[in-house]
Amino acid sequence: MNVLIDKFDVFAGGFWLTLQICILAAIGALVLGAIVAVLRISPVPPLRALGTGYVNVFRNMPLTVVMFFAAFGLPALGSNADFLRIPVLDSLFTRLGTDLPYFRFALIALVLYTAAFVCEALRSGVNAVPAGQAEAARSLGLTFGQNLRYVVLPQSWKASIVPLGSVIIAMIKNSALAGFFGVAGDLSATADQLTGAEGYAFVPVAIGISIGYLIMTVPLGALLDRIEKRQAVAR
Amino acid sequence: MRIKRVAAVAAVAALALGLTACGGDDGGEGTGAGSKSFTAGTTMEKLNKAQKIKVGTKFDQPGFGLKGLSGKPEGFDVEIAKIIVKELGIPEDKIEWVEAPSKVREDVIVNGTVDLVAATYTINDKRKERIAFAGPYYEAGQNIMVKKDDTTITGPDSFKDGTKKVCSVTGSTPFEEIKKYVKDVATQLVPFDTYDKCRDALKSGQVDAVTTDNVILLGYIAKDEASFKLAGSNFTKEPYGIGVKKEDADFRSFINDTLDKAVADGSWKKAWDNTAGKFGAELGSAPTINRY
C-alpha cells in the first residue's frame, strides 16, 4: 500500500484534473440539458422533434463512440473546439486554453452525452407537476416562458434534483474515459501509469483511484440526500 | 446386425487412433512426460510431468505477439516461448496462451496464472522487485515516428522548446520516458489507449510525433512508408526478457541456457526472420544474457 503515500502527488494531480473535467462538464451538461428539456416540452412541434431527436441520438450511443467522434471527427471537420477557450475560465482551468484540443474534445463529448440524461431527469420532474398547475398559469395569461419560470420549474426542480444528482455522479465516473482519448494525466489514467510503466501492484493502485472517485461522488450523494430531506419538510 | 456394424466401426476407429498415436509425431521429437530428465522438485520437472504450460504474451503487438484469425498468437515473443517450451519436452500444442497486457504482467506471474511471460517485457529494476527476468533475448529502444516530410524533429530534444506535440499510449514506459524531454505535459503530451489512435492523430496533424519502442514504430512504417519515418536513432535501451517467479532461480537459469543454445544453433535468428524481422527491423547481435 506504500504506493498511496509514495505516489501521492500523482494521485492528487490526477484527482485535480478529473475534478476540473467534472466541474466544467457538469456545468455544460446542466445548461445544455435544460435547453433540450425546454425544447422537448415546448408547444412547437418541430422544436419538440428536435429535442426528442437529440435525446434519442445521444442517450442511445455508447460514450466511447461519442468520445471517438469528438476526438477524431472534429479535427477531420477542421475544428479544434477553439470556441471553448473562454477568457476567464481558461485561466482558472488551464487545460481549457492550451494548444492541445483533447481536453476540450473530451469535455464536448461528456457534455453532449450527459445532457441527454439531464434533459430526461428534468423532464420527468416537469411531468411530476400536476397538469392543473400549468393550465392554471396559462389561464392567468402567462406566456410559455413565464409559465416555466414562475410556476412549473420551481416545482419540478424538487422532483428532478435526485435523479439529476445520479446523472452527475454517473458523469463523474464516465469521465474516466478521457484519459484514453488524449487527456494526459487524469485520475483513471494514473492507474495505468503506475501499474503499466512503474510496475506497482494493481490492487493498491486501484484502491487509490477508487478513493479519488469516492471523494468526488460520496459528498455529492450526501448533499443530495440532505436536499431531499429538506424538501420533504418544506412540503 | 446394426449393432455389430457400429461396434466394428468403433473398433476400427479405435485401432486407427491407436496407430496414429504410436506413429504420429506430436509437435517435435523428444516430447512427452519424462522425455527429458530434470532434477526432482524443479519447475522444469513439474512442467515436463504435467505436459502442459501456460504462457503469457501480448495479443495485440504486431511482430511480437499478435492473435490473428488463426486464433493463436504469432510473433517473435511467441516463437521464443515455443523454443523454451520445446526444451522442456512439451509439445507446442500443449501451450495455453494467456493474454498478458502490460499492466498485469507482474500480477499474473506472482499469482501463478502463468508459468512464464514473454510479452515485449522490458527488464528493469522496479519490476525485478516483484519478479525475475531471464534473458534478454532482444534489445529494443525507444524512438520517434514523424511524418515523412518533417525535418524539424530530430530526436527527443526537439520537444524541449515546448511547441511539438507527441503521442503515446497511456501508462506505457515510453510515455513516462518522454515526459523527461517535454517542457509542459499538459500542452505537449497526448495519451491514447492504442498506438493506432496515435498514428491517426499523427496522420491528421493533431500531433507532430508518436513515440514508443522502435520495433512497434517500424511495424507502422512498414505498412505506410509513404507517410511516416523514424526521426533519429533509439534514445533508450529496452532489453526484452522472459518473466518468471522471483524465487525460481533454477527455472531462470534453465531459460538462460535455452536462449544461449537458441542463439548458437540459429533458431533465435530464424524466429526473428519469420516474425518481426519482416518489418525491416534490425536484429543486431545477440544481447548478452544477464545472469544475476
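**Close-up views of a two-chain predicted model**

The structure is a predicted model, in which local features need pLDDT of at least 70, side-chain atom pairs count only at pLDDT 80 or more, and totals for chains, interfaces and linings use all residues. Residues are numbered from 1 along each chain as its sequence is written, while chains are lettered from A and ligands numbered from 1 in the order in which they are written.

View 1. The UniProt record, an unreviewed entry, lists residues 15-224 of chain A as "domain: ABC transmembrane type-1". For chain B, an unreviewed UniProt entry places "domain: Solute-binding protein family 3/N-terminal" at residues 52-279. UniProt positions follow the numbering used here, feature names are shortened, and annotations may be inferred rather than shown by experiment. The span 52-279 of chain B is 33% helix and 26% strand, with its end C-alpha atoms 32 Å apart.

**View 2. The overall build of chain A.** Chain A has 10 helices and 0 strands; helices (H or I, at least four residues) and strands (E, at least two) are DSSP runs numbered from the N terminus. Along the principal axes, the C-alpha atoms of chain A fill a box of roughly 70 × 50 × 35 Å. Of its 235 residues, 38% count as buried. A residue is buried if 20 or more other C-beta atoms lie within 10 Å of its own, exposed if 12 or fewer, and partly exposed in between, with C-beta atoms placed from the backbone. Among contacts in chain A with a separation of 6 or more, 74% join residues 24 or more positions apart; two residues are in contact if their C-beta atoms, placed from the backbone, lie within 7 Å.

**View 3. The packing of helices H2 and H8 of chain A.** Helix H2 (residues 8-41) and helix H8 (residues 144-174) of chain A pack at an angle of about 140 degrees, with their axes 11 Å apart. H2(A) is therefore oblique to H8(A). Axes are lines fitted to C-alpha atoms, for helices over the stretch in contact, and angles run from 0 to 180 degrees between N-to-C directions. Angles under 35 degrees count as roughly parallel, over 145 as roughly antiparallel, 65 to 115 as roughly perpendicular and the rest as oblique. From H2(A), Cys22(A), Ala25(A), Ala26(A), Ala29(A) and Val38(A) meet Leu148(A), Ile168(A), Met171(A) and Ile172(A) of H8(A). By class, the residues of this contact are 9 nonpolar, no polar and no charged. Ala, Val, Leu, Ile, Met, Phe, Trp, Tyr, Cys and Pro count as nonpolar, Asp, Glu, Lys and Arg as charged, and the others, Gly among them, as polar.

**View 4. The surroundings of Phe103(A).** Phe103(A) is found in helix H6 (residues 102-128) of chain A and counts as buried because it has 28 C-beta neighbours inside 10 Å. Leaving aside neighbours within four places in sequence, Phe103(A) is in contact with Arg95(A), Leu96(A), Thr98(A) and Val183(A). Ala184(A) lies 81 residues from Phe103(A) in sequence, yet the two are 8.6 Å apart in space, C-alpha to C-alpha.

**View 5. The contact of chain A with chain B.** Chain A contributes 25 residues to the contact and chain B contributes 26. On the side of chain A that touches chain B, the elements giving two or more residues are helix H4 (63-76) and helix H9 (187-197). The largest share of that side, 6 residues, comes from H9(A). The side of chain A that touches chain B has 12 nonpolar, 9 polar and 4 charged residues.

**View 6. Backbone features of chain B.** The peptide bond from Gly135(B) to Pro136(B) is cis, with omega near 10 degrees, and Pro136(B) is located in strand S7 (residues 131-140). Gln51(B), a residue other than glycine, has a positive phi near 60 degrees and lies in the loop between helix H2 (43-50) and strand S1 (53-57) of chain B. Thr120(B), also not a glycine, has a positive phi of about 35 degrees; its place is in the loop between strand S6 (116-117) and helix H5 (125-128) of chain B. Gln51(B) is partly exposed, with 16 other C-beta atoms within 10 Å, whereas Thr120(B) is buried, with 25.

**View 7. Helix H8 of chain B.** In helix H8 (residues 195-203) of chain B, the buried residues are Tyr195(B), Lys197(B), Cys198(B), Arg199(B), Ala201(B) and Leu202(B). Their packing partners include strand S8 (142-147), strand S11 (209-213) and helix H9 (214-223) of chain B. Just after H8(B), Gly205(B) takes a positive phi of about 85 degrees.
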